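This report goes through a protein model in short sections. Please keep the sequence and the structure in view while reading.

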Amino acid sequence: MEKRENFKSRIGFIMTSAGCAIGLGNVWRFPFITGQYGGAAFVLFYLIFLLLLGLPIMAMEFAVGRASGKSSVRSFHALEPSGSKWHIFGYAAAAGNYVLMAFYTTVAGWMLAYIFKSAKGLFSGMTPDEVSAVFGNMLANPAEQVTWMVIVVVIGFAICMRGLKGGVEKASTFIMTSLLFLMLVLVVRAVTLPGAGSGLAFYLKPDFGKMAQSGIGEVIFAAMGQSFFTLSLGIGSLAIFGSYIGKEKALTGEAVSIISLDTFVALMAGFIIFPTCFAFGVNPGQGPGLIFATLPNIFNAMHFGRVWGTLFFVFMSFASLSTVIAVFENIIAYAMDMAGWSRRKAVLVNLVLVLLLSLPCALGFNLWSAVTVPGIGNIQDVEDFLVSNNLLPLGSLIYLLFCTTRYGWGFDKFVTEANTGSGIKFPKAIRFYVTWILPLIIIGIWVTGYVQKFILK
């Protein structure tokens with residue numbers, strides 16, 4: 001078995017972990033769900049729930065990873081009480097990462113494809129209907145769908161092949177630094193557009209009247225769900241990076257740094273989307289089609305629109321690739337932990353496996369479009385439903401119970417591990433909250449997801 005690597009630097013750990021958390025949920029879903037639920041009032045609740053829900057569970061994932069020194073598929077074996085069955089969840093966590101990549105690689109491929117479409121000037125002079133048709137035609141073309149998916153998978157595994165320090169850490173640090181720079185450039189362009197002020201007001205000025213129109217309960221639940229799912233918690237995607245770090249820093253402080261970076265990216269995405277949409281009279285709450293059908297029209301109307309459109313999709317690609325690389329590292333760690341394989345063998349076997357698992361989603365918009373599940377949708381919708389509505393909330397619940405109950409690792413051992421090192425400590429005073437109240441909130445999120453999906457439709 002190869003010697004286990006550690007991160008070269010703290011900044012590498014933060015950038016890689018943040019890259020895992022930062023993905024299309026931040027730069028795609030966050031702006032349109034904010035637009036849908038009334039702007040700043042939604043953002044306010046989102047920030048509150050990030051601290052109440054996301055922070056404790058992230059600290060727990062990191063603690064389980066660091067204390068065990070293993071990937072999530074083996075970490076429970078190392079820490080669970082003798083004779084208990086917590087380790088069974090490790091296999092569910094591993095499955096969650098594979099299912100996530102089964103559809104995420106296709107979506108990341110769309111982002112890459114649009115870099116080249118924008119750079120070539122494909123959208124120049126097109127009507128809105130023609131721009132919209134470009135996306136529909138891409139989905140309907142199996143060769144194009146599969147080609148871009150394969151490119152994403154090969155890029156991700158090629159980076160992981162170079163190891164933790166030389167590949168994952170170096171690439172994640174470059175990608176995240178570039179993403180932040182691109183974002184600032186795009187924010188400056190967006191907020192200086194004529195008419196951008198009304199978009200900024202919508203985004204920054206809480207309007208509780210608009211919130212009441214949507215239903216305060218619905219908005220609060222949406223904010224709760226977005227804050228919960230944006231961090232990729234519950235399937236051990238972050239636990240692996242905890243296993244690669246030393247004991248110098250307390251884990252709550254590290255979680256705060258990562259959540260702050262994740263939140264910064266989500267908020268900045270809003271500063272790009274809302275001023276741009278309002279400047280051109282576009283509804284920012286219209287759903288995912290905003291990115292592929294509407295924004296290319298807006299870039300068309302700008303001076304140097306081809307440049308701004310290309311930069312925007314480079315930014316989107318960096319956000320998606322940072323998650324792909326982080327989750328691929330998780331998948332490789334499973335093979336190395338479970339089978340004792342070399343990194344090279346783990347990469348090559350998983351390269352083939354992920355390509356095969358990603359084919360159904362890529363073909364689910366064309367050759368296999370007839371394959372649907374009533375109440376859920378096509379293949380991508382089913383895979384997303386398995387991860388977002390089930391594995392993330394239930395996995396987070398498992399981490400929570402494992403770290404707080406005497407039947408698992410236990411609160412005292414968790415806090416000792418989380419608070420080892422300098423920095424912000426996990427507050428023991430919230431023991432009752434994380435043991436009794438937070439589990440009920442997570443169960444509520446899970447149940448409400450089913451109610452909204454199957455009953456309130």
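K165 sits in helix α8, which covers residues 164-191. Helices (H or I, at least four residues) and strands (E, at least two) are DSSP runs, numbered from the N terminus. K165 is partly exposed, because its relative accessible area is 39%. Buried means under 20% relative accessible area, exposed over 50%, and partly exposed in between (1.4 Å probe, protein chains only). This is a predicted model, in which local features need pLDDT of at least 70 and side-chain atom pairs count only at pLDDT 80 or more, while totals for chains, interfaces and linings use all residues. Residues are numbered from 1 along each chain as its sequence is written, and side-chain values use heavy atoms, with hydrogens and water left out.

K165 belongs to a positive surface patch together with K8, R162 and K170. Patches are made of residues with over 30% relative accessible area and no salt bridge; like charges are joined within 9 Å, and nonpolar side chains (Val, Leu, Ile, Met, Phe, Trp, Tyr) within 5 Å. Lys and Arg count as positive and Asp and Glu as negative, while His and the chain ends are not counted. The place of a charge is taken as NZ of Lys, CZ of Arg, CG of Asp or CD of Glu. Accessible areas come from the Shrake-Rupley method with a 1.4 Å probe, and for residues only the protein chains shown count as cover.

## Two further residues of helix α8

K170 is also found in helix α8. K170 counts as exposed because its relative accessibility is 56%. Between the C-alpha atoms of K170 and F7 there are 9.9 Å, although these residues are 163 residues apart along the chain.

S178 is another residue of helix α8. Its relative accessibility is 15%, so S178 counts as buried. A polar atom of the S178 side chain lies 2.8 Å from the backbone oxygen of F174.

## A nonpolar patch

Four residues, L44, I48, L52 and F208, make up a nonpolar patch on the surface, and together they have about 350 Å² of accessible area. Helix α3 (residues 40-68) gives the most to this patch, with three residues. F208 lies in helix α10, which spans residues 208-214. With a relative accessibility of 45%, F208 counts as partly exposed.

## Salt bridges

How many salt bridges does the structure hold? There are six. A salt bridge is a side-chain nitrogen of Lys or Arg within 4 Å of a carboxyl oxygen of Asp or Glu. One of them joins the side chains of E254 and R10 (2.8 Å, N to O). This pair links distant parts of the chain, since E254 is in helix α13 (residues 251-279) and R10 is in helix α1 (residues 10-21), 244 residues apart. E254 counts as buried at 4% relative accessibility, whereas R10 counts as partly exposed at 40%.

K117 and E144 also meet through their side chains in a salt bridge (2.7 Å, N to O). K117 is in helix α5 (residues 88-119) and E144 is in helix α7 (residues 142-161), so this pair ties together parts that are 27 residues apart in sequence. K117 is buried, because its relative accessible area is 12%.

A further salt bridge is formed by the side chains of R343 and E329 (2.9 Å, N to O). R343 lies in helix α16 (residues 343-363) and E329 in helix α15 (residues 305-339), so the pair ties together parts that are 14 residues apart in sequence. Is R343 buried or exposed? R343 is buried, with a relative accessible area of 6%. E329 counts as buried as well, at 0% relative accessibility.

## Positive phi in two loops

Most residues other than glycine have a negative phi. S232 has a phi near 55°, a positive value in a residue other than glycine. S232 is placed in the loop between α11 (216-229) and α12 (239-242). S232 is buried because its relative accessible area is 14%.

F304 is not glycine either, and its phi is a positive value near 55°. The loop between α14 (289-301) and α15 holds F304. F304 is exposed, with a relative accessible area of 67%.

Note on methods: Polar contact = N/O pair within 3.5 Å; in protein donor to acceptor, adjacent residues only side chain to side chain.
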